[in-house]
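Here is a briefing on one protein chain. Please keep the sequence and the model side by side while reading.

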Amino acid sequence: MKNFLAKIKFPAFLEDIRLRYAAGFMVVLAVLVVIIASFIKPGLALLMLLALLGLVVSVFYGLVTISNNTNKYISNLAYRIKRGEQEALIKMPVGILLYDKDLTVEWANPYLQQYFDDTELLGQKLGDIDADLGKLVADNLDTNTLQTIRWADHDFEMIIQKSIGVVYLMDITRYAKIEARAENERVVIGQIFLDNYDEITQTLDDQTVTNLNSYVTNQLSDWANDYGMFVKRIANDRFLMVAYVQALQQVEADKFKILDTIRVETSKQNYPLTLSVGIAYGDSDLARLAITSQSNLDLALGRGGDQVVVRAKGEQARFYGGKTNPMAKRTRVRARMISQALQELFKQTDKIFVVGHQRPDMDAVGAALGIRRIAQMNGKECYVVINPEQLHSDVERLMGRVGQDPEIANAIVTPEAALAQATSQSLLVMVDHSKPSITTAPQLYDRLAARTVIIDHHRRGEEFPENPMLVYIEPYASSTCELITEMFEYQPTNTNGVSKLEATAMLAGITVDTKSFSLRTGTRTFDAASYLRSVGADGLLAQNLLKESVESYIQKNHLIDSVEMISDNMALCIGEESTPYDPVIAAQAADTLLSLSGIDASFVITRRPDSRVGISARSLGDINVQVIMEQLGGGGHLSNAATQIEGQSVAQVKAKLMDTIKNVEAQD
């Protein structure tokens, strides 16, 4: 039994109870033995009784000793616990502040007192003692979750227990500095591309090319050294950049002035060279960083070059530069390569659908008809997707002419009909736009997103199909019709060529986008127009198609009557809140304003038929309206851009436009 009791495990504070129980058990057992012995041998029983008395005295003394020791232990332990609580409350490295319902300080531990120096805290309102801390506490009274705050040049983790009126502040400045250092030392990878290097150097002698290479390399090296970055030339027209985030932040604060420096200095030597840069950071995988930087460089080039695209993992891209008109860099070799690639894609598809943007203009419809003809020349079935409820008067007149041509008319389908006919092997060609959100047939795009071709002349934006099969974006071209016209030269010649109506529609598309060949034109523009005239384009018919209706003319002039100058060289027109205006009328009004003396940029704000508020922006090239529209969620060209805003009034959009213009001017 004794061994059994010895094996019983009790908590430390119950050890004396176990001993008392064992001692009592032994005494009872001894008494039973004495009683039994008294019946057998009385003398022995007397001796055993004396021994029992001695045992009882010993046990009693032992129990008293054990009890005293236990009480002493418990008392000492309680004292140590209480003292530990007090010491922790006073000396632990966590600030503790007690307050009442009026945020008056009732008590603060010494650790927190050090942040107030010798300022008396008790009985003072927290806001009077320190306005910043008072506001932080007042703003987070009902939060009841851990917050990271910045106060008194320190970083703290703060939590408030409103029910008992306590604020806990843990100083994490040391860890915040470590985190900031780790953030600042994240790797940045950039790729620098000389946009027009090949075009410029092909006409220069070897000595001049050598001098140009030396100048660019020295400028980039000096620029990199100034910011603690590494730049290495890896090809004649390409450099690799490696840096830390801290250096990138400094370069961004300087707005990448290196772009302006190289462009201006090389222009003085009659060979204007521009740079495009793609920069990526925020990913620990260097391979992915390199891929992302190349993607950002492609985005910069797709927007016309002479600019920088910076993007962190999971964040929106940031754009710098892009202040100049894109230089024509495309060659007929590229047009031929795109034509051949398009023919190969046509061979791998059963049906082709061509779609323009919502409320298509003549350039979008003319380009769609051009792609349909190219598909016909390659023996493929092709349909032009048009929503009959989204047509302006000029496109309606064109559709009236198309209705007289059964071959073309049978190829015009609605978005619903196209969706019903599309198969997994069909191909979608997006013309005159690259944003899925503004396409005429969004459901068709969703079905054929993995089998998409993009042909456009607008600068590429952030919103872009994820994996298009072919991309032909040339922002320096006058129109999409110009790009597609160049492809006809490389199509099979044993088939029917461009019809008179198709050629006329494409010529009208070029005419619209160049404002009758007065803006954004180059030698290739006139070459395309000449080709279209040679295959039967009717200039008079094109002008008739583009004629304005009387109602449109009156609306346009009504908008122009509301013109106001928002700066020395910027004009603004605003339509009535309750009157919907066709976007084409707003665009025409913006174009007309540019013909007035002293106006370098124009903006027209109107309520659209779809209830959104639209802004049409135009410029003569000195003012980058694309940057302004991008900050408002739109995009376009440096000299031709637009945006649409939902859920706001015309007056609110005007205020937002004015603020955006001020911000852009301040950045410049």
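In this predicted model, the axes of helix α19 (residues 480–487) and helix α20 (residues 500–513) come within 8 Å of each other and cross at roughly 140°. That angle makes α19 oblique to α20, because a pair counts as roughly antiparallel only over 145 degrees. The points below start with this helix pair and then turn to the sheet, a hairpin, selected residues and the whole chain.

**Helix packing**
- On the α19 side, the contact with α20 involves Cys481, Glu482, Ile484 and Thr485.
- These residues meet Met506, Gly509 and Ile510 in α20.
- By class, the contact of α19 with α20 has 4 nonpolar, 2 polar and 1 charged residues.

**The parallel sheet**
- The strands β14-β13-β12-β15-β16-β17, in that order, form an open sheet of 6 strands.
- Their pairing is parallel.
- Which strands stand at the edges? They are β14 (412–413) and β17 (470–473).
- Each edge strand has a single partner strand, so one side of each is left without a neighbour in the sheet.
- Within the sheet, strand β12 (residues 351–355) runs parallel to strand β13 (residues 381–385), and 5 bridges join them.
- Valine 355 has valine 385 in β13 as its bridge partner.

**A hairpin**
- Strand β7 (residues 230–235) pairs with strand β8 (residues 238–244) in the antiparallel sense, over 5 bridges.
- The two strands form a hairpin, with 2 residues between them.
- Valine 231 has its bridge partner in β8, namely methionine 241.

**Threonine 606**
- Threonine 606 belongs to strand β20 (residues 601–607).
- Its relative accessibility is 2%, so threonine 606 counts as buried, the cut-off being under 20%.
- Beyond its neighbours within four places in sequence, threonine 606 is in contact with Leu559, Gly575, Tyr581, Ala586, Arg612, Val613 and Gly614.

**Positive phi**
- Most residues other than glycine have a negative phi.
- Leucine 103 is not a glycine, yet has a positive phi of about 60°.
- Leucine 103 lies in the loop between β1 (95–99) and β2 (105–108).
- Is leucine 103 buried or exposed? Leucine 103 is buried, with a relative accessible area of 16%.
- Aspartate 117 also has a positive phi, near 60°.
- Aspartate 117 sits in the loop between α4 (110–113) and α5 (126–129).
- Aspartate 117 counts as exposed, because its relative accessibility is 60% and the cut-off for exposed is over 50%.

**Cysteines**
- How many disulfides are there? The count comes to 0, where a pair of cysteine sulfur atoms must be within 2.5 Å to qualify.
- Cysteine 382 counts as buried, because its relative accessibility is 3%.
- Cysteine 573 counts as buried at 0% relative accessibility.

**The chain as a whole**
- The protein chain has 26 helices and 23 strands.
- Of its 668 residues, 46% are buried.
- Among contacts with a separation of 6 or more, 63% are between residues 24 or more positions apart.

Terms used:
Residues numbered from 1 in each chain as written. Predicted model: local features only at pLDDT ≥ 70, side-chain atom pairs only at ≥ 80, totals over all residues. Heavy atoms only, no water. Buried < 20%, exposed > 50% of the residue type's maximum accessible area, 1.4 Å probe, protein only. Pairing = 2+ DSSP bridges. Helix = DSSP H or I, 4+ residues; strand = E, 2+ residues; numbered from the N terminus. Contact = heavy atoms within 4.5 Å. Axes fitted to C-alpha atoms, helices over the stretch in contact; angles between N-to-C directions. Parallel < 35°, antiparallel > 145°, perpendicular 65-115°, else oblique. Nonpolar A, V, L, I, M, F, W, Y, C, P; charged D, E, K, R; others polar.
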